[in-house]
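Please read the following report alongside the sequence and the model. It begins with single residues and then turns to the chain as a whole.

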Amino acid sequence: MAAASYPPHFAEPWKFSDVVLVVEDQRFHVHRGTLAFWSPVFEKMLSAEFKEKNNDEILLPGKKASEFEVMLQMMYPSLEEKLVTKVNCYFLFELAHEYQIEAITQKCVNLMVSMIKDRREDDVLGMLIYAQKYQIKSLISKCIFEARRLTLEELTNHEMRDQIEANSYVQIAERIIQRLEKNAEM
């Protein structure tokens, strides 16, 4: 197999692949060792007293095959580093979070924080709600800090404002008021 096509698309057995993950009826031929190296969840699943321990095929319901393949490509080394992008960030984060793949989770968090910091994300409050759902402290802090740019009307009229945790809502409102008072003094 040529180096340029490595890793494969996982559709066929290759280089000692020893387990098949089935996602949406698509088969991914992978390596138990690689899964266990990256993910404590897979490690436990493949080594403990789980039914999957001795299975050659493991069903993973509720996942999208195309998204799962992107995560697998990040887990397998290749000549090109697989990047986390705005397009794949959220589904990669959710998969990596579920399987406790810290390296991919952190890449996703770093991108989300930089998107807020660099103002490449328009809905800072939507991102805050997402961060709260997964308890991403660095992203929560950055969202609260950047939300100070909003008007009180934007804060109070946001369609999901009722999902913002009370403490975060108060911090944002206080920062908006402080900004307005500072501007009024000038």
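Ile104 is found in helix H5, where helices are DSSP runs of H or I with at least four residues, strands are DSSP runs of E with at least two, and both are numbered from the N terminus. With a relative accessible area of 2%, Ile104 is buried; the term buried means under 20% relative accessible area, exposed means over 50%, and partly exposed lies in between, using a 1.4 Å probe and protein chains only.

Once neighbours within four places in sequence are left aside, the residues in contact with Ile104 are Trp38, Met71, Met74, Met75, Leu92 and Ala96, contact being defined as heavy atoms within 4.5 Å.

## How the model was treated

This is a predicted model, in which local features need pLDDT of at least 70 and side-chain atom pairs count only at pLDDT 80 or more, whereas totals for chains, interfaces and linings use all residues. Residues are numbered from 1 along each chain as its sequence is written, and side-chain values use heavy atoms, with hydrogens and water left out.

## Helix H6

Helix H6 covers residues 124–134, and ten of its eleven residues are buried, so this helix is largely enclosed by the rest of the structure. The buried residues are Val124, Leu125, Gly126, Met127, Leu128, Ile129, Tyr130, Ala131, Gln132 and Tyr134.

These buried residues pack against helix H4 (89–98), helix H5 (102–117), helix H7 (137–146), helix H8 (152–157) and H9. Just after H6 comes Gln135, which takes a positive phi of about 55 degrees.

## Ile176 in helix H9

Ile176 lies in helix H9, which spans residues 166–185, and at 0% relative accessibility Ile176 counts as buried. Apart from neighbours within four places in sequence, Ile176 is in contact with Ala147, Arg148, Leu150, Thr151, Leu152 and Leu155. Between Ile176 and Phe145, which are 31 residues apart along the chain, the C-alpha separation is 9.8 Å.

## Cysteines

A search of the whole structure finds zero disulfides, a disulfide being a pair of cysteine sulfur atoms within 2.5 Å. For Cys89 the closest cysteine sulfur is in Cys108, at 4.5 Å, which is too far for a bond. Cys89 is buried, with a relative accessible area of 0%, and Cys108 is likewise buried at 0%.

## The chain as a whole

The protein chain has nine helices and three strands, and from the N terminus on its elements run β-β-α-α-β-α-α-α-α-α-α-α. Its radius of gyration is 21 Å, well over the 16 Å that the globule rule gives for 186 residues, so the chain is more spread out than a compact globule; the radius is taken over C-alpha atoms, and the rule is 2.2 Å times the number of residues to the power 0.38. Along the principal axes, the C-alpha atoms fill a box of roughly 70 × 35 × 25 Å.

Of the 186 residues, 42% count as buried. Among contacts between residues at least 6 apart in sequence, 59% join residues at least 24 apart. The chain exposes about 11100 Å², with carbon and sulfur atoms supplying 52% of it, as computed by the Shrake-Rupley method with a 1.4 Å probe, where for residues only the protein chains shown count as cover.
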